[in-house]
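Visitor: I'd like to learn how to read a few features of a protein model. Could you take me through them one at a time?

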Amino acid sequence: MIRISGQQMSVKTSRLQAEWEQGVLVGLWDHTGRRWIEANPETVAPLYLVFLRGETVPLGREIGDSVQLYAWNEHEAEIRIHSWHGDGIVRVAEEPESGGIVIEASGYSSRPGLRGCRWPLVGVDPSVRLVAPFFQGVRLPLDDPLLHQSRWHWPFQWEAGFCALDGGTSGLLILDPDDHFRYKSLTVGVPGHAHALGLETEAYGPVHQNLAAGGVRWRIEPYSGEWTAAADRYRELWAERHRTALEGRPEWLNQLRLAFCWLPTNVEILQAIQEQRIDPQTVLIHLPNWRTDPYDENYPTFRPSEEGRAFIREAQRRGFRVMPHFNAIDMDPTHPTYPLFRDFQYRDIETGRVQGWTWVPGRSLPVPESNRSRLLHRDKKVMVKIHPGLAMWRSVLKEETARAVEELGLEAVFVDVTLCAWNTANALVENQTPAEGMARLIAELSRIGRGLLVGGEGRNEVTARHHGVTQAHLFRSWQTNLPELARLVEDGLIPLNERIFGRWCRSIGYSKLSGSTEEERIRIRAHAVQGAIPTLTVYSPEAIRSPNPTVAEVLATARGG
């Protein structure tokens with residue numbers, strides 16, 4: 001039931017009650033009477049426009065601005081905002097099935113360069129914690145220094161379109177229930193408000209001439225219980241949308257008890273693992289250096305070297321599960337097929353630069369912007385990213401992958417950088433975004449031959465549809481540990497993505513997991529907290545035959561001891 005009186009609007013469903021003043025949500029209660037939101041309408045605008053470089057302007061707080069309320073019926077209303085900086089609409093509706101409230105915000109301006117439209121949720125109860133799929137799952141206070149004033153883009157950083165305001169025994173679930181690959185972002189904390197969220201709909205790139213943004217319908221619904229109740233609700237909705245895609249995972253996926261990442265092609269390591277009385281069929285191997293080309297050069301050519309071929313065959317003979325390393329969208333611009341794809345390289349949504357990398361000793365550099373120079377530095381591992389929406393790219397990648405699969409008798413492949421499906425300056429290629437193209441690419445690879453288990457990098461709601469296993473990154477600790485990572489292991493990290501996606505897409509560790517330093521021991525513990533398959537990075541048989549205490553513990557767990 002929606003009621004409007006002057007500049008006030010009240011919304012009451014079977015499970016929520018909300019109050020708006022001057023276009024701002026000032027109060028939100030659940031059906032038990034608990035208040036989750038208490039805001040002052042004088043300190044926040046009803047809506048914000050986000051321009052390039054993060055510039056944010058309010059709608060409804062300048063000279064001559066007006067906020068008008070319209071109830072179209074008892075279940076749907078709109079807040080119309082006319083402002084100095086632009087104009088906007090906030091649509092509010094009941095969601096009868098869940099007893100929730102739907103918010104859909106849109107805005108526009110005559111000024112080009114609009115990147116997004118942000119709806120603010122301020123005055124959150126300071127006692128609650130934010131549960132969010134950042135780096136596989138966190139549960140932290142909104143004013144935690146690691147979250148405060150941060151912005152998380154879907155799906156690269158914000159790994160699924162939901163979050164929860166968790167009060168310990170109940171909470172609010174906030175989600176985007178649609179499945180249209182619409183880019184969005186979540187801001188934690190806004191200027192002047194530490195206990196606040198910004199729910200943002202992003203426009204597809206290119207945005208330098210863009211004037212409008214909108215289209216994501218945010219749903220707010222209460223839940224009872226711990227944070228796991230919110231995760232289970234989102235899993236139910238997500239799995240229902242992707243039920244067909246989630247079928248067909250091999251039985252051995254759930255039997256895995258140990259993984260090795262970045263393993264060298266040394267057969268003695270395989271022997272050392274078996275000497276530990278570990279069943280090879282429960283061991284997954286990520287194999288990076290198996291090709292005739294050096295690592296991260298000459299993609300998308302994937303031809304096995306004699307050494308790589310011999311190792312893979314021996315690992316298969318012994319029963320190990322082997323995933324040779326491929327790549328989803330990175331290509332070497334010196335590759336002969338580059339002219340086919342040069343017009344469809346990722347370009348940064350703000351700067352327009354070609355996206356990829358150049359490796360020099362000790363640091364990385366951007367991709368050369370000279371078309372000539374880009375062809376001269378294979379020794380520096382120059383790589384550009386090709387939009388996966390392009391059917392020709394997917395076809396060439398499948399051709400190369402299928403050849404290796406047939407030649408080596410592979411049951412699994414590891415496809416790197418599948419998490420890189422962000423909004424770009426050329427977001428739509430063949431009417432597909434990078435996220436949609438990536439989901440399609442993984443699905444098409446999985447259908448090669450009799451079917452492949454496709455592993456990849458980064459588990460999110462796009463990749464988990466068709467991946468069987470992914471490397472997971474730790475909270476802002478890609479290659480070196482964030483100083484606060486040890487604190488997060490004790491209180492902050494949760495197995496959120498494992499609970500949502502784990503029955504279809506499992507996770508393994510990423511790097512620096514030898515257990516030889518305190519930093520690496522913390523990394524191993526962090527992955528364990530988040531539900532990953534125990535993972536090691538070892539480079540010699542001695543590391544297995546004479547293990548340090550941490551490796552010995554992981555090996556004992558793998559053999560069931």
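Visitor: What volume does the second largest cavity have?

Guide: About 40 Å³. A cavity here is a set of points, on a 1 Å grid over the protein atoms alone, where a 1.4 Å probe fits but cannot get out. Grid points are joined across faces, edges and corners, and the volume is the space filled by probe spheres set on the points. Keep in mind that this is a predicted model, where local features need pLDDT of at least 70, side-chain atom pairs count only at pLDDT 80 or more, and totals for chains, interfaces and linings use all residues. Residues are numbered from 1 along each chain as its sequence is written, and side-chain values use heavy atoms, with hydrogens and water left out.

Visitor: Which residues line the second largest cavity?

Guide: Lining residues have an atom within 4 Å of a point. Here they are Q136, R459, A472, S507, H527, Q530 and A532. By class, that lining has two nonpolar, four polar and one charged. Ala, Val, Leu, Ile, Met, Phe, Trp, Tyr, Cys and Pro count as nonpolar, Asp, Glu, Lys and Arg as charged, and the others, Gly among them, as polar.

Visitor: And what is the volume of the largest cavity?

Guide: The largest cavity comes to about 110 Å³. It is lined by 16 residues, and W154, D178, D179, H180 and K184 are the closest to its centre. The lining divides into six nonpolar, two polar and eight charged residues. Helix 1 (residues 227-241) gives the most to it, with three residues. Helices (H or I, at least four residues) and strands (E, at least two) are DSSP runs, numbered from the N terminus.

Visitor: How many salt bridges does the structure hold?

Guide: First the idea: side chains of opposite charge can pair when their charged atoms come close. The cut-off is a side-chain nitrogen of Lys or Arg within 4 Å of a carboxyl oxygen of Asp or Glu. The structure holds 44 of them. Take E350 and R115, whose side chains meet at 2.9 Å, N to O. That pair links distant parts of the chain, 235 residues apart, with E350 in the loop between helix 4 (338-341) and strand 25 (356-360) and R115 in strand 12 (residues 114-122).

Visitor: Are E350 and R115 buried or exposed?

Guide: Both are buried, where buried means under 20% relative accessible area, exposed over 50%, and partly exposed in between (1.4 Å probe, protein chains only).

Visitor: Where do R403 and E400 lie?

Guide: Both sit in helix 5 (residues 391-408), three residues apart, about one turn of the helix. R403 counts as partly exposed at 30% relative accessibility, while E400 counts as buried at 8%.

Visitor: Which residues have the most contacts inside the largest nonpolar core?

Guide: A nonpolar core is a set of buried Ala, Val, Leu, Ile, Met, Phe, Trp, Tyr and Cys residues joined through side-chain atoms within 4.5 Å. The largest has 138 residues, and those with the most contacts inside it are W20, W119, L130, F134, L165, L197 and F475. Another core, of 22 residues, lies apart from it, with A231, L237, W238 and C505 among them.

Note on methods
1 Å grid on protein atoms, 1.4 Å probe; cavity = no way out; pocket = protein on both sides within 12 Å on 5 of 7 lines; lining within 4 Å.
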